[in-house]
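Here's a quick briefing to read with the model open beside you.

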Amino acid sequence: MRISSFAARCSAVSLAVALAACQPKTESGKPVTVAAPAKAVQVSAPVAAPAAPPLSPAAQVGAKLFFDPSLSGSGKMSCATCHDPNHAYAPANDLSVQLGGTDGKQPGTRAVPTLMYKEYTNAYSDTFENPDMISPPGPGGGLTWDGRANTIAEQAAIPLLAPNEMAAASKAAVVDAVRGGAHADAFRQAYGASVFDDTDKAFALVGAALQAFQVEDRSFHPYSSKFDRYRNNKVGGALTDAEIRGLRVFLDPNKGNCMACHLLGGGNDGSQDMTSDYSFAAIGVPRNRDIPANADPKYFDLGLCGPLRTDHRPGKDKGAAATCGMFKTPVLRNVATRHAFMHNGVFKSLEDVVRFYNTRDTAPEKWYPRDARGKVNKFDDLPAKYRANLDEQMPLDQRRAGSQTPMTDQEMQDLVAFLNTLTDGYVPTAQANATGPQAHTVANAIVDPAARKSAATPNAQATQ
């Protein structure tokens, strides 16, 4: 569990102040292109973006495979079925978990995350160096909610073979589908005439092609949100009063303290504004009884220590028990477009997520069921023996029930307003170019003395 010191949390404000001077970081440094498949996200901008190099042959065939349902066991499900480009490469529906399998009716066990902004994700490590360069090393990196895939290519292989997802019968079945499909020649062009001679190698290259598409195509990382315009001081990038107040709540270690895990403008590895520090944390979200697997009272999804990840199970790995209940910190970009939140999709609105963070401890009865004696069964989806792993950073500092919440109702509303500025595809209106009390630049907002004073004031109610 990563517990930042107060100094580390305050460093979030220093990182934010640096936004005023930093240069635009709208590219990953790898080849990208504005062009995308017909279903890809359309990103509008008042000024035409510089022409980007065309997709490599590998990325071009990866784009075709991404939308190809023939790779699935049912012949009806593609990557885009759950990662819809018109919904920030996440599900288009509000189901907690998606349905798959050869009959299209098998439920998953976790919410499907977005595929956007994954290009800076490093391989998983138990001693991951946090990008803030202050927090001590701990679990971090990797793809999926439990970090068990070290590359985008490895991640792509998981749903292809999972029986409750795309449900291909085997690696060979996937390779046969590509060999006999419409994209076989493009695959050979990208990887050689003899690419299908080795099944294992060909299957790995299917993942490599999907990775190339996700890394090279700009629709996976357009950096076209209102916040991007704001931090780069572009015309029409002003934030409203409510959005500025929300940004301050985001940064304030005694309020939202979102910056502790969802970095903005931090990191020394090129990961500018990913809105995640790639770390893992246990926050004790309520059990989602809409997930069929949860009907079994003995079943618990414990993230890093299983059941889907098998190399950190208690009894197999000496330190595994200390990671039980931890899940990957998600990217917050496009979070306002989501329909299901947290690893188990238990929340259906961004407002509920913010309210949970604010009142989990002060009003647990709002989130957790009561037992037979009427007592609130707090942390009902995390066995008691692992509750020592719970993150105690603000606002989840386990303060006494009934005490004052870290955020007021207005501050929660303002925080949601700011989080909406992280949605890509922002097109400024004529009013957005106005100046005055409703328009703020980077300098006069983030470096505001009152905001800095608030961020540096210890919270007398904190119980850390």
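**Around phenylalanine 418**

Setting aside neighbours within four places in sequence, phenylalanine 418 is in contact with Phe227, Glu243, Gly246, Leu247, Phe250 and Leu264 (contact means heavy atoms within 4.5 Å). This is a predicted model, so local features need pLDDT of at least 70 and side-chain atom pairs count only at pLDDT 80 or more, while totals for chains, interfaces and linings use all residues. Residues are numbered from 1 along each chain as its sequence is written, and side-chain values use heavy atoms, with hydrogens and water left out.

**The chain overall**

- The protein chain comes to 13 helices and 6 strands (DSSP runs numbered from the N terminus, with helices being H or I of at least four residues and strands being E of at least two).
- Of its 464 residues, 53% count as buried (buried is under 20% relative accessible area, exposed is over 50% and partly exposed is in between, with a 1.4 Å probe and protein chains only).
- Take the contacts with a separation of 6 or more: residues 24 or more positions apart account for 70% of them.

**Nonpolar cores**

- The largest nonpolar core has 45 residues, and Phe250, Met342, Leu415, Phe418 and Leu419 touch the most other members (a nonpolar core is a set of buried Ala, Val, Leu, Ile, Met, Phe, Trp, Tyr and Cys residues joined through side-chain atoms within 4.5 Å).
- Two or more residues of this core come from each of α8 (226–231), α9 (241–251), α10 (350–359) and α11 (409–419).
- There's also a second, separate core of 42 residues, whose members include Ala63, Tyr117, Val175 and Val178.

**Aspartate 414**

- Aspartate 414 sits in helix α11, and it is buried, with a relative accessible area of 4%.
- Its side chain joins that of arginine 245 through a polar contact of 2.8 Å (a polar contact is a pair of N or O atoms within 3.5 Å; within protein, one must be able to donate a hydrogen and the other to accept it, and residues adjacent in sequence count only if both atoms are side-chain atoms).
- Not counting residues up to four places away in sequence, aspartate 414 touches Ala242, Arg245 and Gly246.

**Aromatic rings**

- The structure holds 19 aromatic pairs (rings of Phe, Tyr and Trp, the last by its six-membered ring, pair if their centres lie within 6.5 Å; planes under 30 degrees apart are stacked, over 60 edge-to-face and the rest tilted).
- Phenylalanine 66 and phenylalanine 220 pair edge-to-face, at 6.0 Å centre to centre with 85° between the planes.
- That pair links distant parts of the chain, 154 residues apart: phenylalanine 66 is in helix α2 (residues 57–66), and phenylalanine 220 is in the loop between α7 (199–216) and α8.
- Both phenylalanine 66 and phenylalanine 220 are buried.
- Tyrosine 117 and tyrosine 223 also form an edge-to-face pair, with 5.1 Å between centres and 80° between the planes.
- Tyrosine 117 lies in the loop between β2 (106–107) and β3 (125–128) and tyrosine 223 in the loop between α7 and α8, so this pair ties together parts 106 residues apart in sequence.
- Tyrosine 117 is buried at 1% relative accessibility, and tyrosine 223 is buried at 5%.
- Phe66, Phe67, Tyr89, Phe213 and Phe220 are linked into a cluster by ring pairs.

**Charges over rings**

- Arginine 287 lies over the face of phenylalanine 300, 4.9 Å from the ring centre (a charge sits over a ring if NZ of Lys or CZ of Arg is within 6 Å of the ring centre and within 35 degrees of the ring normal).
- Arginine 309 lies over the face of tyrosine 124, at 4.1 Å from the ring centre.

**Salt bridges**

- There are 17 salt bridges in the structure (a side-chain nitrogen of Lys or Arg within 4 Å of a carboxyl oxygen of Asp or Glu).
- Arginine 110 and aspartate 301 meet in one of 2.7 Å, N to O.
- Arginine 110 is in the loop between β2 and β3 and aspartate 301 in the loop between β5 (280–281) and β6 (327–328), 191 residues apart.
- Arginine 110 and aspartate 301 are both buried, and a network of salt bridges links Arg110, Asp146, Arg148 and Asp301.
- Glutamate 411 and lysine 255 form a salt bridge of 3.3 Å, N to O.
- Here glutamate 411 belongs to helix α11 and lysine 255 to the loop between α9 and β5, 156 residues apart.
- Glutamate 411 is buried, at 18% relative accessible area, whereas lysine 255 is partly exposed at 21%.
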